[in-house]
Amino acid sequence: EEEEVICILEFRGDSFLPQQVRRIVGTSIAMAHGWLPANMFDVSLDKDVFLETVLAPSSFGDGEHGGGSIRLYMEESRFHFDQLCRGGKKSLFERHQNDVVNKGDSNENEQKEGGDDNNEKKEEIVNENYTQDIKWVQSQLYSSSSNEEDVWLEEVRDVIAPRIRKQLAAVSNLHQKQQQQEQNLDQLLLQKQQTPFPDCYNATLALLRNIVETNRWPDTSVARSKVIRSLPSSSSSTTTEASKASSPSSGSFTVVNPKRQVSSYNLPLANALFPELVKAVFELEETLSKEHTLKQTDGKTLLEHSKEEEQRRPPSSHCAINCNAQFTPHVDSGRGSGQSLSMIVGLGDYIGGELAVEGSMYDIRYEPLEFDGWKLRHWTNMYQGERFSLVWFTPAEFSVDAATTQEG
């Protein structure tokens, strides 16, 4: 009977991510079948791209080893600290000839007299054990349920791959749009300046621009700096006064709503530096909640909130204030622990700069959007021009039950 042709892939690396190997293999299989394009890996590794990948199953069926046919197994694990302790000569689980018990050597004298013969026997035992290991792995590979594999392959071909191709098409369209915008940058930014926006943003935007123009924008914390890319290139031919004024400043800081302050929590320095801005941003949130139909996303669908009082957004305790900050993919952490739904809005004269939530793009320029920043990966799309953003949120420790409301 003709044996099935099997390709054995071996991966060696330092600190693999969960599911990394399975996704590499699954995506490679889809590419080999022609279900995904040959440039899939090149596109997916772009720092500004988020794509779904094909997850290959680790096993099929139910077998004595807890998963039926093994498609993924770990042959060896090395630990750097352990190797240093052992002088770099031996890994924790590495098999050595001296570790093999030679059943033919019954006493010390025989071992000494055997000399090279004993070493040869030990090497034969090592090789024999290794061969048995290989045969066991191959037997597991050969015994797979072809029916279950066919079902998985059909799902990749008919469901997963088409979904990924749509995402690739969206990425391609976005890149084309960005190239067209760069070619007509001055004209597009001028149009943004001339496009009216709701009056409720005027006070906040004026205060933000004043902070930038007077070089008073605070330094960004070390933790938040780790998820912000460097300031976008200012080499473009932009001639707007607003973008010229804002181009030297970038970063992010947080203010706290004095009306939602917890007694044990000290107000951040920014509250003392910019009291008018603090008042303006939280009044803006209240206005948006009362007068605008807020939108909310889970990364897939877009919902709208009613303006009815019982469904309005409650006042937030915190607001992150950002200037020319392009965030990398992340979920919120640290001060935002256990936070409520975040609400974000973009201000200023810029093009691009959409908010990406789990790969879906949302234009937030004067269009507030609610999302769960604690659970959903989100980041900033590339942009040109002057871009501010406000993100309102309430950590668990500032919940309604824990907060002390201060009137006035």
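Strand E9 (residues 355–357) pairs with E12 in the antiparallel sense over three bridges; strands here are DSSP runs of at least two residues, helices are runs of type H or I with at least four, and both are numbered from the N terminus. Two strands count as paired if DSSP finds at least two bridges between them. Within this pairing, Ala356 sits opposite Trp379 in E12.

A quick word on what is being looked at. This is a predicted model, in which local features need pLDDT of at least 70 and side-chain atom pairs count only at pLDDT 80 or more, while totals for chains, interfaces and linings use all residues. Residues are numbered from 1 along each chain as its sequence is written, and side-chain values use heavy atoms, with hydrogens and water left out.

Now for the overall picture. The protein chain holds twelve helices and 14 strands. Of its 408 residues, 37% count as buried, where buried means under 20% relative accessible area, exposed means over 50%, and partly exposed is in between (1.4 Å probe, protein chains only). The accessible surface of the protein chain comes to about 24400 Å², and 49% of that belongs to carbon and sulfur atoms; these areas come from the Shrake-Rupley method with a 1.4 Å probe, and for residues only the protein chains shown count as cover. Among contacts in the protein chain with a separation of 6 or more, 74% are between residues 24 or more positions apart, a contact being heavy atoms within 4.5 Å.

Strand E3 (residues 251–256) runs antiparallel to E6, joined to it by six bridges, and here Phe253 has Ile321 as its bridge partner. E6 is also joined to E14 by six bridges, again antiparallel, with Leu390 in E14 as the bridge partner of Ile321. Another residue of strand E14 (residues 388–393) is Ser389, which counts as buried because its relative accessibility is 3%. Not counting residues up to four places away in sequence, Ser389 touches Ala320, Ile321, Asn322, Val345 and Gly346.

Charged side chains come next. The whole structure has ten salt bridges, each defined as a side-chain nitrogen of Lys or Arg within 4 Å of a carboxyl oxygen of Asp or Glu. In one of them, Glu285 meets Arg313, with the closest N and O atoms 2.8 Å apart. This pair links distant parts of the chain, 28 residues apart: Glu285 is in helix H12 (residues 275–291), and Arg313 is in the loop between strand E5 (302–304) and strand E6 (318–323). Both Glu285 and Arg313 are buried. Glu358 and Arg377 form another salt bridge (3.1 Å, N to O). Glu358 lies in the loop between E9 and E10 and Arg377 in the loop between strand E11 (369–371) and E12, so this pair ties together parts 19 residues apart in sequence. Glu358, at 23% relative accessible area, is partly exposed, and so is Arg377, at 38%. Salt bridges that share partners also join Arg209, Asp349, Arg365 and Glu386 into one network.

Over in helix H6 (residues 146–183) is Gln167, which counts as partly exposed at 23% relative accessibility. Gln167 and Phe50 are 117 residues apart in sequence, but their C-alpha atoms are 8.9 Å apart in space. Leaving aside neighbours within four places in sequence, Gln167 is in contact with Leu51 and Glu52.
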